[in-house]
Amino acid sequence: MTAKTMEELVSLCKRRGFLFQSNDIYGGIKGLYDYGPMGVEFKNNLKQAWWKSMVYERDDTEGLDASILSSPVVLKHSGHEDTFTDPLVDCRACKSRWRADQLLENNKCPNCNSEDLTEPRPFNLMFKTAIGPVDDGSSFAYLRPETCQQIFTNFKNILDSTSRTVPFGIAQMGKAFRNEITPRNFIFRVREFEQMELEFFVKPGTDDEWHEYWINKRIEWWVNQGIKKENLKKIEVEKNELAHYSKRTVDINYVFPHGEEELEGVANRTDFDLGSHTKNQNDFKITSEVMKNSSSTTKLAVQDLEENKWYIPYVIEPSAGVDRGVLALLNEAYREENVDKDNKRILLSLKPHLSPIKAAVIPLKKNNEELVNLSKEIKSNLQKLGLGRVVLENSGNIGKNYRRHDEIGTPICLTVDFETLEAKSVTVRDRDTMKQERVSIENLSEYYKKYFN
Ligand code: GAP
């Protein structure tokens, strides 16, 4: 059974060090969360899995890690300065502020029921910060609202420094910021989050086929991370709801504990962005208003050698939220089970490659020098295999350690007992089945590598 409520997930996350409210000791800030010791490992493992599938396992992509602070000129040409807004309504009675689509029926304030509301007005979701020592508004930058714009502005740098030809992609993961009016549902809608975005550049005319390819590829990837296929839905975004850059977008929705919502979007961004950041767009018959008067000095186009002409590639963009991925996977992995008629356990049945801790090495008796030293040696040898974090648990309480590691999703626990000293073997306990087997220390590295590969 998956998690019944968001509260159960939130409670597990706090109890076991996955996620904390940010600035907690000063009352917190809405829409900001900090990843604790388990959360940071889990999130890094998820990002690593994405990077592996998008960059290492393909022959047609490159990676990028660009700056977060973005020039307003970039975000003018991308369309964000003019269009990245939510309609906002103020309640004159209680002074609360709402997105227009969140008002109750009959246009009432959800906080105090008053009907004394302002007309909706656009509210730009981008955060601004001053650049340089004088904060007089003359020089500022935006915190990027999506990671992909720096992929577009680096398009020529990457073409010039690699031998890529279309079709090819550029992948980037990292922070994005949006001043959401009403952040909500734990880490589902927050003001500071991470995205994993691939911009895949294709020849116009081949874009529809590549779009289908990426929609299916991304669903397959989420299933490989442990999400049941029936919990993922392909949703065609209505024409009148498409972002300003999109010809067609398909959302990959997931059934979160609070309801079904977007986990990832796969958009056909056409030549909007590269065209918009290109000098002399007229050469390419680009007509959009926002693209006029570009001050770019670069031509973000490629040559079609067969037809001997330049063209601006189309872009297919699978864009996933890391934090929404974390929430979805925690929800999928959460189980409550009866161990026997009196005892229950909670476990996170995560895929081993995502588990924050890969193995816990537990000496049976706390501070017993022989057992602890051997445990340390085993831990250090497993750690050196480089498959993720291995921990030593020197508390002496095996039952408590098993419970804790079930809850954080550790696939195996290795107990070092007195028999270990004699027979040179350890007890390996499997998280999901709770079955135990003895494995000789000599074969432990091989056993471990096999388990995780
Ligand atoms: N570059 C395209 C883009 O940014 P988007 O649909 O606005 O498209 C992509 O965002 C993904 O980023 C979403 O599917 C979601 O997973 C994540 N995301 C967007 N806003 C978010 C927020 N406020 N909090 C957490 N994740 C968010």
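Trainee: Where is Pro167 found?
Mentor: Pro167 sits in the loop between α6 (155-161) and β10 (168-177). Keep in mind that we're looking at a predicted model.

Trainee: What is the peptide bond from Val166 to Pro167 like?
Mentor: That bond is cis, and its omega is near 5°.

Trainee: OK, next loop. What makes the phi of Asn185 worth a look?
Mentor: Phi there is near 60°, which is positive although Asn185 isn't a glycine. You'll find Asn185 in the loop between β10 and β11 (192-202). Lys424 also has a positive phi without being glycine, near 55°, and Lys424 lies in the loop between α12 and β23 (425-430).

Trainee: Why does Asn185 count as partly exposed?
Mentor: Its relative accessibility is 25%. Buried would need under 20% and exposed over 50%, so at 25% Asn185 lands in between and counts as partly exposed.

Trainee: On to charges. How do you know that Asp90 and Arg97 meet in a salt bridge?
Mentor: Check the N to O distance between their side chains: 2.8 Å. The cut-off is 4 Å, so 2.8 Å qualifies as a salt bridge. A search of the whole structure turns up 36 of these.

Trainee: And is Asp90 buried or exposed?
Mentor: Buried: Asp90 has a relative accessible area of 14%, and the limit is under 20%.

Trainee: What makes Lys247 and Asp208 a salt bridge?
Mentor: Their side chains come to 3.1 Å, N to O, which is within 4 Å, so the pair counts. This one links distant parts of the chain: Lys247 is in the loop between β12 (232-236) and β13, Asp208 is in helix α7 (residues 207-225), and they are 39 residues apart. Lys247 is partly exposed at 35%, and Asp208 is partly exposed at 45%.

Trainee: Which parts does the pair Arg438 and Asp417 tie together?
Mentor: First the bridge itself: the closest N and O atoms of Arg438 and Asp417 are 3.1 Å apart. Arg438 belongs to strand β24 (residues 436-440), while Asp417 is in the loop between β22 (412-416) and α12 (418-423), so the bridge ties together parts 21 residues apart in sequence.

Trainee: Why does Asp417 count as buried?
Mentor: Asp417 has 13% relative accessibility; since that is under 20%, it's called buried. Arg438, at 31%, is partly exposed.

Trainee: How do you know that Asp251 has no salt bridge?
Mentor: The nearest side chain of opposite charge is Arg324, 7.9 Å away. A bridge has to be within 4 Å, so Asp251 goes without one, although it is buried. Asp251 lies in strand β13 (residues 248-256), and beyond its neighbours within four places in sequence, its contacts include Lys233, Val237 and Glu262.

Trainee: Last topic: the ligand. Which residues come nearest?
Mentor: Of the 20 residues around the ligand, the nearest are Glu146, Arg178, Glu180, Glu197 and Glu262. Glu146 also joins Arg269, Asp273 and Glu317 in a network of salt bridges.

How values were computed
Residues numbered from 1 in each chain as written. Predicted model: local features only at pLDDT ≥ 70, side-chain atom pairs only at ≥ 80, totals over all residues. Heavy atoms only, no water. Helix = DSSP H or I, 4+ residues; strand = E, 2+ residues; numbered from the N terminus. Buried < 20%, exposed > 50% of the residue type's maximum accessible area, 1.4 Å probe, protein only. Lys, Arg positive; Asp, Glu negative; His and termini not counted. Contact = heavy atoms within 4.5 Å. Near = heavy atom within 4 Å.
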